[in-house]
Amino acid sequence: SIFMNLKLPGYHKVYISWIPALPDESLTQYGGRIKRQITVEDPYIIGLSFGGIVAVEVSKQIRVKKMVLISSAKTKDELNRVQFFFIKLGLYRIIPGSLIKHANFLTYSYFGARSLKDKKALTKLLQDTDVSFFRWALKSIGYWNNMEAPERTIQIHGTADRVMASRLVHPDYRIKGGGHLMVFNKADTISKIITNYFRE
């Protein structure tokens, strides 16, 4: 649903389904299982947020024609070291499931959901969140060690992103005022960037 406003004329969008993570599975191992859903050679891949990090791991295991990372990170260095510290302390385990699955004024602010439409979209996303998968994702990010930026990749990031701090990221395109939900509320701008990149 978060990609619903993205328009890519001439391209057929195929959505990858999240699969349950195995106990103590690394991001590399998870990428190895999720890549089985990609059935074409030399695909174009778009990864959003944590999905972008998974896409980076997938791109190490199959040939990718071009890749786009939105509100995401190319390498470990683009992630917040303070977040790493708290993750490695294991504090992700004590976040109440009710807090993860329910939106409030703090989550609206953190994700950059300002309009009623944005808030409804975020509320739906959080309600659909699998709590055990969310905790695994946080843990796996904390132990992600990728230091090499992927080839044939562009990165699009918002200047107001608080989830993936904008100051740490060095994207190819900065979207002024874009928060973590900008693929939803600034989809026209992002669609044009992606379409032009794919056609180069």
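A polar contact is a pair of N or O atoms within 3.5 Å, where within protein one atom must be able to donate a hydrogen and the other to accept it. In this predicted model, such a contact involves Thr-107, whose side chain reaches the backbone nitrogen of Asn-104 at 2.7 Å. Thr-107 belongs to helix H5, which spans residues 105-111. Because its relative accessibility is 14%, Thr-107 counts as buried, the cut-off being under 20%. When neighbours within four places in sequence are left aside, Thr-107 is in contact with His-102, Leu-122 and Leu-126.

The model also contains a β-sheet. The sheet is open and has 4 strands in the order S1-S2-S3-S4, with parallel pairing. S1 and strand S4 (173-175) are the edge strands, each pairing on one side only. On average, and with direction ignored, neighbouring strands of this sheet are turned by 15° against each other. Helix H2 packs on the sheet, where H2 touches S1 and S2, and the direction of H2 makes about 145° with that of S1.

The pairing of S2 was examined on each side. With strand S1 (residues 44-48), S2 pairs in the parallel sense over 5 bridges. Gly-47 is the residue that stands opposite Leu-69 of S2. With strand S3 (residues 153-158), the pairing of S2 is again parallel, here over 4 bridges. Ile-156 in S3 stands opposite Ile-70.

Helix H2, made up of residues 50-59, forms a right-handed β-α-β unit together with S1 and S2. Helix H9 (residues 187-199) lies across S1, S2, S3 and S4. The direction of H9 runs at about 160° to S2.

Backbone angles were also considered. Most residues other than glycine have a negative phi. Asp-24 is not a glycine, yet has a positive phi of about 60°. Asp-24 is placed in the segment before helix H1 (27-34). With a relative accessible area of 65%, Asp-24 is exposed, since the cut-off for this class is over 50%. Arg-152, likewise a residue other than glycine, has a positive phi near 50°. The position of Arg-152 is in the loop between helix H7 (131-142) and S3. Arg-152 counts as partly exposed because its relative accessibility is 37%, a value between the cut-offs of 20% and 50%.

How values were computed
Residues numbered from 1 in each chain as written. Predicted model: local features only at pLDDT ≥ 70, side-chain atom pairs only at ≥ 80, totals over all residues. Heavy atoms only, no water. Helix = DSSP H or I, 4+ residues; strand = E, 2+ residues; numbered from the N terminus. Buried < 20%, exposed > 50% of the residue type's maximum accessible area, 1.4 Å probe, protein only. Contact = heavy atoms within 4.5 Å. Pairing = 2+ DSSP bridges. Right-handed = clockwise from strand over helix to strand, strands pointing away. Axes fitted to C-alpha atoms, helices over the stretch in contact; angles between N-to-C directions.
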